[in-house]
Amino acid sequence: MVLRRRTVALSMLAGPLMMVFFAVVVSPEGPEGWGMLAGISGLIGMLLSVYASAATVFTLRRESGALARLRTTELSGAGIVAATGAPLFVVGMAQTLLVLAVFVALGAPAPAQPLLLVVPIVLGGAFCVVAGALTSTFSSGAESVQFTVLPLVIVASVAANLLATGVDPALRGALLLVPGTPVADLIVTAWTGVPGPAVAGLAPTVLGPLLLVAWIAIAVLGAAARWRWTPRG
Amino acid sequence: MRGRDTPDEPVIEAHGLEFRYGGTVAVDDVELVVHPGEVFGLLGTNGAGKTTTLELVQGFRRPDAGTVRLFGLDPVTAGRAVRRRTGAVLQQAGFLAELTVAETVRMTAALSSRSDDVDECITRVGLGHRRDVAVGQLSGGERRRLDIATATWGGPDLVIMDEPTTGLDPESRRVLWAMVRRLRADGAAVVLTTHYLEEVEALADRLAIMHAGRVAIAGTLESVLASRPAAVTAELDAGVHPPRMPGLSTAAAGQGRTVLRLESTDLTRATHTLTGWALEAGVRLHRLRATEAGLDEVFHAVSGSTDVAGPTGVAR
């Protein structure tokens, strides 16, 4: 259903295609190079495909009255939001896994800790959906949502790039606090098998999931506080 | 779904409802009681508080004061239980444009514990030939019919319709009126807000007129009409002096004639009084007319006045 809306379908395709294009152009070498590319492109792909799409879908459904209509059904409020976000989450996870698989097909070494990849992909996808729901509460229509998603996409992408290229521990701690960046850090760790430096005594494999869960909780609370079922009057 | 409640048990029972948007009072001390098998018309100008009242009734907003019960339950805390028995037609249909008519009804079915037949449901509202057409391709009237089809899926005990016929073509309006009558015949309660007074006259068993957030007047059509004075009018020839009687007003007409207008809540007595005077005085009354107040007169009198509520302001 989500994919029948052309703009949403295109935005969901744009991220993965861009990542594959980057991989071909950059053609990194060794586990570190590919890990860095996988981390950055995994996060940016999720932001473009899942976060931006979720913000767009929630905004359009609110503006069109679809959310208000669903509210007259037997679904609970949380159920409506979950049912709207679930397809984006599933497609986003599938896309990320597909892109990473394409990287391997292009010559990347296989991830050193493939199971660890599940954590950033699942938590990152969930974060992108709830953050999209929150962002939609600041958006009044299809035009405005193109701008309201930009701050997180830009800040998180820049932070993930800096993080992946290696920075001093103090800055690393600050960058990991940027919403979504632990996704990139965890993918790099899973790919290379070499965790980055600990922050505040916590290993990246512990700190990253904790930060993502915290951002998910913050986004859920924010969305619940600001949520509207109908367009602003 | 019907038949679980005793016939006298109200479907909707709201007392002292109040709701504010910031500092603006949207709903003020509204009383509303609707019974099974009843069509209740809710009238009012834009901003009178009709839609907010319906949102409070459905549990979409928590009242600042007062209580609401749907089927004896609090619709805010028992939302799922009341929506299991309720259908709604919203001002904005809110369908997903990319789904077909049949897919839309199937989605309604998937989200409802009531059971019905998809094709029958579509055919009931005259959309059988459009079942595989995307909702985005439907006309406004067809979309509204689909709205009615989904709202009445599985025969709910209560259907709430917020301005369902605004902008509808006559055929779609006819379909909606027929659906409302069928729902009533099946024992469902229907609450209908509308700007069309003739719709309320044609469909509603009882009605309420809201103004400035309050129920200004409520009751059966007859009782509401009786709240405004009926009028007997006639014209007197030039040179004839009008009588002196309470409630009589005069105005000049053409050819030196005088227009008499005698207002009273008792039209029979007023007609008798005026014609009795004319017979006794040997005066001929021209263009004699006795007219009941119309709903439009009541509506304009209520929506233009600040004197609201009072003993008639209880929508029981």
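A residue is counted as buried if 20 or more other C-beta atoms, placed from the backbone, lie within 10 Å of its own, as exposed if 12 or fewer do, and as partly exposed in between. The model is predicted: local features need pLDDT of at least 70 and side-chain atom pairs pLDDT 80 or more, while totals for chains, interfaces and linings use all residues. Residues are numbered from 1 along each chain as its sequence is written, with chains lettered from A in the order in which they are written.

Chain A has 10 helices and zero strands, where helices (H or I, at least four residues) and strands (E, at least two) are DSSP runs numbered from the N terminus. Of its 233 residues, 48% count as buried. The C-alpha atoms of chain A fill a box of roughly 55 × 35 × 30 Å along the principal axes.

Helix H9 of chain A comprises residues 181–192. All 12 of its 12 residues are buried, among them A:Asp185, A:Leu186 and A:Trp191. The buried residues of H9(A) pack against helices H2 (30–63), H5 (114–136), H7 (150–165), H8 (169–176) and H10 (204–226) of chain A; contact here requires C-beta atoms, placed from the backbone, within 7 Å. After H9(A) comes A:Gly193, with a positive phi near 80°.

The contact between the chains takes 14 residues from chain A and 14 residues from chain B. On the side of chain A that touches chain B, four residues are nonpolar, five polar and five charged. Ala, Val, Leu, Ile, Met, Phe, Trp, Tyr, Cys and Pro count as nonpolar, Asp, Glu, Lys and Arg as charged, and the others, Gly among them, as polar.

Terms used:
Contact = placed C-beta atoms within 7 Å. Expected span 1.5 Å × (residues − 1).
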